[in-house]
Amino acid sequence: MDKFKKGSKKLLNAWAFYDWANSVYTLTIASTIFPIFYGTLNFIDGNKVQAFGFEVKNTALISFVTAFTFLVVAFISPILSGVADYLGNKKAFMKFFCYLGGVGCIGLNWFSLDYIHLSLLFYFFGLIGYWGSLVFYNSYLPDIAFSEQQDRVSAKGFSMGYIGSVLLLLINLAMVMYPEQFGITGTAEETAVKAMRYSFITVGLWWVLFSQYTFYILPKGVSTGRKVTKHVLMNGFKELNTVWQALKQNIILKRYLYAFFVYSMAVQTIMLVATYFGEQEIEWGTDQEKTMGLIISILVIQVVAILGAVLTSRVSEKIGNIKTLIAVNFIWMAMCFAAYFVTKPIEFYITASFVGLVMGGIQSLSRSTYSKFLPETKDTTSYFSFFDVSEKVGIVIGMVIYGTIDQVTGSMRNAIVFLFIFFLLGIILLFRVLKTQKKVVD
């Protein structure tokens, strides 16, 4: 029996609190500490690594592994959502991926080039755990919030995530800067690396422990008591096909998904590689200045993103979701062009500020806009699975393109400026959505 009614404050807060729990992964692992730690490893010729029988540029390797992970997530999400619907307990699947991600984060403590494949497996677990759990987390939104509540609770989730992740990052930063206060001994270089390794453990523990409140409050659904058979495993793909067929009758939702697929491809790619770009392409000076500079820039992004998520929500209430998304995409497009010329730390900080302003806004508003465009249905998991698969396939394409350009040209600048095209296409497609909306109103 569900403890709280749809729309209740405690239920909405518990849902949003999962962002507090899991966002430490995206900040510490995906965005800050891990990319810095990865750059300290003793690569061949400075930036090459031997893996899977090839000598690959280190940043290109991470791009390709990340793309593969998202390909796996895109493939298994429909299967898992189909099984979750059949068993009536999607919370159990959300828990599984949460715990898998926590184990992956803790395992990064032992990341080593000598055991590169095992190390990348832990990286894979963390990434697939985070995104796998979001499949089910996002699908809860229309179940726990009414349409008029969804923009704000979605923005609240992102804001809570930014606050929680910044808090842990500050603790991790203190560990790196003052290791002796945490009982970490050795040379300056050794203690910094040890502190970064320990920070991976703190992320895993934070994620798993704080998620318990969300798991306690969220409804689990009605258990059917049925067993999973072979045909059930294909239910998710059948449901995706059903959603795809239904899109033919929902032109606005279909056109919105096209636009989202294109611009999200670029947004997620930039967010996944931004710190690697800063680590390799910015003239920091000493290694300590580089570490501090990257962490400060990420903190700037997170702090500004809190304001950005709320501000975007407020602007959307005034001018509408689609017009707001168009404006945000214009800012992203301008930043891609500007990033090609960024070389100094101060320039990187300014760019980071703009990234923060539009990062949280475009994510929260994209999620809530999709939720608003959904038809009347109780099968929200299938629709959000379709949304999630679209996003993941886009990330695979974006990361492969980015990694290939990085590997072939040897420059991340060439790769990031190429993403300009995706934002431009996204804007054009969003204007089509706006045009369709006006026709419906008229």
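The largest cavity of this predicted model is lined by 37 residues. Nearest its centre lie Tyr130, Phe158, Gln268, Met271 and Gln363. The volume of the largest cavity is about 570 Å³. A search of the whole structure turns up 5 cavities of 30 Å³ or more.

Which helices supply the lining of the largest cavity with at least two residues each? They are α1 (9-31), α5 (116-139), α7 (147-177), α11 (251-281), α12 (287-319), α14 (345-373) and α15 (380-409). Helix α11 gives the most, with 10 residues. By class, this lining holds 23 nonpolar, 11 polar and 3 charged residues.

The second largest cavity has a volume of about 200 Å³. It is lined by 16 residues, and Ile270, Ala274, Phe348, Thr351 and Val355 are the closest to its centre. Helices α11, α12, α13 (321-339) and α14 each supply at least two residues of this lining. How do the lining residues of the second largest cavity divide by class? There are 14 nonpolar and 2 polar residues, and no charged ones.

Trp20 and Trp206 form one that is stacked. Trp20 sits in helix α1 and Trp206 in helix α8 (residues 188-217), so the pair ties together parts that are 186 residues apart in sequence. Are Trp20 and Trp206 buried or exposed? Both are buried.

Trp332 and Phe423 make another pair. The centres of their rings are 5.6 Å apart and their planes lie at 10°, so this pair is stacked. It links distant parts of the chain, with Trp332 in helix α13 and Phe423 in helix α17 (residues 420-441), 91 residues apart. Trp332 is buried, and Phe423 is buried too.

The table sets out the geometry of these two pairs.

| Pair | Centre to centre | Angle between planes |
|---|---|---|
| Trp20 and Trp206 | 5.7 Å | 25° |
| Trp332 and Phe423 | 5.6 Å | 10° |

Aromatic residues also gather in a cluster. Which residues form this one aromatic cluster? Its members are Phe34, Phe37, Tyr38, Phe43, Phe111, Tyr123, Phe200 and Tyr276.

Helix α4 covers residues 90-107, which makes 18 residues. From its first C-alpha to its last it reaches 26 Å, close to the 26 Å expected at 1.5 Å a residue. Several glycines of α4 are buried, among them Gly101, Gly102, Gly104 and Gly107. So are the aromatic residues Phe93 and Phe97. Lys90, Lys91, Met94, Cys98 and Cys105 of α4 are buried as well.

Where in the chain is confidence highest, and where is it lowest? It is highest in α4, at a mean of 92, and lowest in helix α9 (residues 230-233), at 62. Over the chain, the mean pLDDT is 83. Residues that reach 70 or more make up 92% of the chain.

**A backbone exception**

Most residues other than glycine have a negative phi. Phe52 is not a glycine, yet its phi is positive, at about 55°. Where is the place of Phe52? Phe52 is in the loop between β1 (48-51) and β2 (54-57).

Notes. Residues are numbered from 1 along each chain as its sequence is written. This is a predicted model: local features need pLDDT of at least 70, side-chain atom pairs count only at pLDDT 80 or more; totals for chains, interfaces and linings use all residues. Side-chain values use heavy atoms; hydrogens and water are left out. Helices (H or I, at least four residues) and strands (E, at least two) are DSSP runs, numbered from the N terminus. The expected span of a helix is 1.5 Å times one less than its number of residues. Buried means under 20% relative accessible area, exposed over 50%, partly exposed in between (1.4 Å probe, protein chains only). On a 1 Å grid over the protein atoms alone, a cavity is a set of points where a 1.4 Å probe fits but cannot get out, and a pocket is an open set with protein on both sides within 12 Å along at least five of seven lines; lining residues have an atom within 4 Å of a point. Grid points are joined across faces, edges and corners, and a volume is the space filled by probe spheres set on the points. Ala, Val, Leu, Ile, Met, Phe, Trp, Tyr, Cys and Pro count as nonpolar, Asp, Glu, Lys and Arg as charged, and the others, Gly among them, as polar. pLDDT is the predictor's confidence in each residue, from 0 to 100. Rings of Phe, Tyr and Trp (its six-membered ring) pair if their centres lie within 6.5 Å; planes under 30 degrees apart count as stacked, over 60 as edge-to-face and the rest as tilted.
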